[in-house]
Amino acid sequence: MKRLLVSGFLSLSLLPLAACSNNSSPNSSANSAAQTKTFVTGAIPDQDAEKLQRLYGKLSQYLEAELKIPVSYKPVTDYTAAVTAFKVGDLDMVWFGGLTGVQARLQVPGAEALAQRDIDAKFHSVFIANKNSGIGPINDVKELTALKGHSFTFGSESSTSGRLMPQYFLQQAGVKLEDFKGQSGFSQNHDATIALVTAGTYDAGVLNEQVWQKRLQEGKIDRSKIDVIWRSPEYYDYHWVINPSVKQRFGDDFPQKVQAALMKLDPNVPEQKEILELFGATKFVPTKNENYARIEQVGREIGKIK
Amino acid sequence: MSRPAFRFISPSLQWGMIGLVAIALSLWQAGLFQQTVVNLNGFPLLWRFVAASVHPDLSYDLLATTLQASLVTLAYAVCGTFLSVTIGAIAGVFCSEVWWLEVLRAKRLRYFGFHSVRAILAFPRAIHELIWGLFFLNIWGLDPLVAVAAIAIPFGAITAKVFSEILDETPRQPLLTLINSGVAPITAFFYTLLPQAFLNLLSYSFYRFECSIRSAAVLGIIGAGGLGYEILLSLQSLRYEQLWTFFYALLILNGGVDIASATLRHQLGCASRIDLNSHRPTKRNIPNRRIFSLFPIAIAGVALSFWYIQPDLSKIGSPRSQQLLNQIVQTSLPPNFTGMAELIPLSVETVAMSVLAIAIAASGGLLLAFPAAQIFLPGGLLNRRGKANLFPPVLLAVARIMLLLCRAIPAPIWSLVVLYILFPGILPGAIGLGLHNLGILGRLFAEVTENLEQPPLKALSAGGTPDSLVFLYGVLPATMPRFLAYTLYRWEVCMRETVIVGLVGAGGLGRLLTEQLSSFDYQSLIVTLGAFLALTFLVDWISGRVRRSLRSS
């Protein structure tokens, strides 16, 4: 009997719990961007989250002041999740890479590429190699065949500079993924690629040139162990993509307003300079969907876009 | 069981030989005899990682982050456990034989009802939490609900299976007596079978909580936040001092939950965790009544956890979720079978990885289990003469901490560390999985050893048999069959977990799944998932068959 009482008590006490969670739901769904007046931004996690958090905190403040609406930042932990969150409408505007931006636009009809950094129209990847591997400098794309028979790592599967374009250049040289020793790796981010090639886990690897330059300046690279063997030709990379749903919520001209606010970031104003520095840019410039036609074409060739 | 040609070999010897051949083939598949596997250049990096363990980052900011991340992981585990036990309790009744046969008296329906519920539950169980998480992300978006459901659904199905087995193995005489004397079958069920099985059900629920903590850490890696996420971030940015702070937090969290769970189970008088192949009825002590005072605390804990992580339950049936679900179904159909040829070598790799992982886990677990059990302590089973010296307790502590470290750290993190000194391939994945499961198996082995039937061993000892011979002829033969059963069961888990090490590039089907996920190629993804399900069922079937044949021998 006592046990029955206990189980009765148990089920009774669970009822209000269920009720609580239902009551609290209007509050928590306030987080969901689609229904409210908050403009939610996000970014692919290509660098460490602590820095992203600081960067986007500042950017949100700036945009809030410029656009006169609440702006928030939602951290996302992987590239695919960022695209998915944009697709379902949890993120209104995302800082995507070249490939992820195209993937996102293809899944959200009406989404627009809005702005990018000055460096993004002429972006490069660098191929690096461990000195012990015996891979020498490469002068032409055709010479990438030197990598055959060596172990090799990319960055994230969906990275434009750490995977898509490098694989495309390798393909042009006639190097297939099966030509590498063992399986080609996916280190997941640019810093991890540097570490794994330094350690010799992989003979060679490829990453975003901007990250490489920055780590060089910071003195974090042991050049007695690794060095650049080839710098790729240029291509379009990172950019802001905005969801068309913002037009219903904030007005038809809202994407233009956001674009103008991003353009207005001025390196002469100390606070804005900090934002630009965290982005690694001197200024933002407008961009458009058509700029990424080549990325889309390469994406289809490599099989990252179906 | 054994075929006529093998009549002179016992089934266990036969399976043992098959097992050894499988391990050798898997090693060959991993490339062990064909190429260099160890990368000597990586040792400085490994050393930096190990050296950081003695000076973790203890700055105020980081400790605050650690505390918050630990609370998040704990809260996810509590919510996940609560929901999976709820699902398991309901579904478990409906897929128990006793419910269909005795309570519903549906003898004809039995085959249909009982087998169909079991078959349906096999699917959510075979899919790893991580895949569930990625699926829910597509229909619910960025919400804590995703991680909670990702734990609750597969764990609910596993719990249902175990609960139904517990119910079926509980003696039925009291139930039948009540039913035959005219009590309504459902009332009889609630008054006899349920209270009888209650302790075992509760004991298993505690074990599920330990599993949920580990799972919450893994889900952190794909974005649920908490300790798993922080660990992955600091590992990728090579901040080893911070990494170790998070490791220690995970260690304390896992250790704390394990100790609390063990204490509670001991108080309840049900020391054994999951009675996998013992068909003797468990000792049924009258539970300490004080235990019921824990229920309000548990309820408060669950409520607090839900409040802390704030899952948006309204999303479950919302129009947006419906629409997104339709969308994902549409984009996944029709399945694309063009990549089928690729699946075969990858499936072989996946199975090889799981075999190597379980071989590592079982042999490592075996080495650490006996030192980690209390049998060598003064007054313990193998130290009856009470030689009190410092060695056994220190050995016990070291072995237990090593086991805890192994199981607390998620398998993909182990794999990433192993990648420093091994060349990429399935071996780093297998070692990562092996180390993590070693911690779990070793703990289970140690518990089996501590719960051995005492009288025969005491008799041996009292007859003047030296401790070493008691160990060899008393302890080992008594523990081995149960060790094997646990190992086979864990092999099934390893198979499912190959998905998560595939995520860090360890190869096999998990690798392909990651690639297809990041290409949003759901039509091919669904075929790969199908292959994975088939492999999981195959491994479950082999493992079940071996267990049955070993039990009958």
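**Note on the predicted two-chain model**

1. Domains of chain A. Eight residues of domain 1 of chain A and nine residues of domain 2 of chain A form the contact. On the side of domain 1 of chain A that touches domain 2, α3 (79-88) and α4 (98-107) of chain A each contribute at least two residues, and α4(A) gives the largest share, three residues. By class, that side has two nonpolar, five polar and one charged residues.

2. Domains of chain B. Here the assignment gives domain 1 as 8-37 + 336-553 and domain 2 as 55-332. In the contact between them, 29 residues of domain 1 of chain B meet 25 residues of domain 2 of chain B. The elements giving two or more residues to the domain 1 side are α16 (391-408), α17 (411-418), α18 (426-450), α20 (467-502) and α22 (522-552) of chain B. That side of domain 1 of chain B divides into 19 nonpolar, three polar and seven charged residues.

3. Chain B as a whole. Chain B has 22 helices and zero strands. Of its 553 residues, 48% count as buried. Among contacts in chain B between residues at least 6 apart in sequence, those joining residues at least 24 apart make up 77%.

4. Interface between the chains. Chain A places 44 residues in contact with 40 residues of chain B. On the chain A side, two or more residues come from each of α1 (2-29), α3, α4, β7 (185-186) and α6 (190-199) of chain A. The helix α1(A) gives the most, with 10 residues. The side of chain A that touches chain B has 13 nonpolar, 22 polar and nine charged residues. Two of the elements named here, α3 and α4 of chain A, also supply residues to the side of domain 1 of chain A that touches domain 2 of chain A.

5. Helix α6 of chain A. Why is α6(A) described as largely enclosed by the rest of the structure? The reason is burial: 10 of the 10 residues of α6(A) are buried, so this helix is largely enclosed. The buried residues include A:His190, A:Asp191 and A:Thr193, along with A:Ile194, A:Leu196 and A:Val197. After α6(A) comes A:Gly200, with a positive phi near 85 degrees.

6. The largest nonpolar core. This core has 237 residues, of which A:Val94, A:Val241, B:Tyr76 and B:Ala430 touch the most other members. Its largest share, 17 residues, comes from helix α15 (residues 340-372) of chain B. Leaving aside residues up to four places away in sequence, A:Val94 touches A:Gly42, A:Ala43, A:Ala82, A:Phe86, A:Ala104 and A:Val241.

7. Packing of α18 and α20 in chain B. The axes of α18(B) and α20(B) lie 9 Å apart, and the two helices pack at an angle of about 150 degrees. The crossing of α18(B) and α20(B) is right-handed. Residues making the contact include B:Gly429, B:Leu433, B:Ile440 and B:Phe445 of α18(B), and B:Val475, B:Phe483, B:Tyr486 and B:Arg490 of α20(B). The contact of α18(B) with α20(B) divides into 11 nonpolar, seven polar and three charged residues.

8. Backbone points to check. Most residues other than glycine have a negative phi, and most peptide bonds are trans. A:Lys68, in the loop between α2 (49-67) and β2 (71-73) of chain A, has a positive phi near 60 degrees. A:Lys68 is exposed, because 9 other C-beta atoms lie within 10 Å. B:Phe520 also has a positive phi, of about 55 degrees, and is not a glycine. B:Phe520 sits in the loop between α21 (509-518) and α22 of chain B and counts as buried, with 22 C-beta neighbours inside 10 Å. The peptide bond joining B:Leu333 and B:Pro334 is cis, with omega about -5 degrees. B:Pro334 belongs to the loop between α14 (319-332) and α15 of chain B.

9. B:Leu101. This residue is in helix α4 (residues 97-103) of chain B. B:Leu101 counts as partly exposed, since 16 other C-beta atoms lie within 10 Å.

Technical notes: Residues numbered from 1 in each chain as written. Chains lettered and ligands numbered in written order. Predicted model: local features only at pLDDT ≥ 70, side-chain atom pairs only at ≥ 80, totals over all residues. Domains from an automatic or database assignment. Contact = placed C-beta atoms within 7 Å. Helix = DSSP H or I, 4+ residues; strand = E, 2+ residues; numbered from the N terminus. Nonpolar A, V, L, I, M, F, W, Y, C, P; charged D, E, K, R; others polar. Core = buried A, V, L, I, M, F, W, Y, C linked by C-beta atoms within 7 Å. Buried ≥ 20, exposed ≤ 12 C-beta atoms within 10 Å, placed from the backbone. Axes fitted to C-alpha atoms, helices over the stretch in contact; angles between N-to-C directions. Left-handed = near helix turned anticlockwise from the far one by under 90°.
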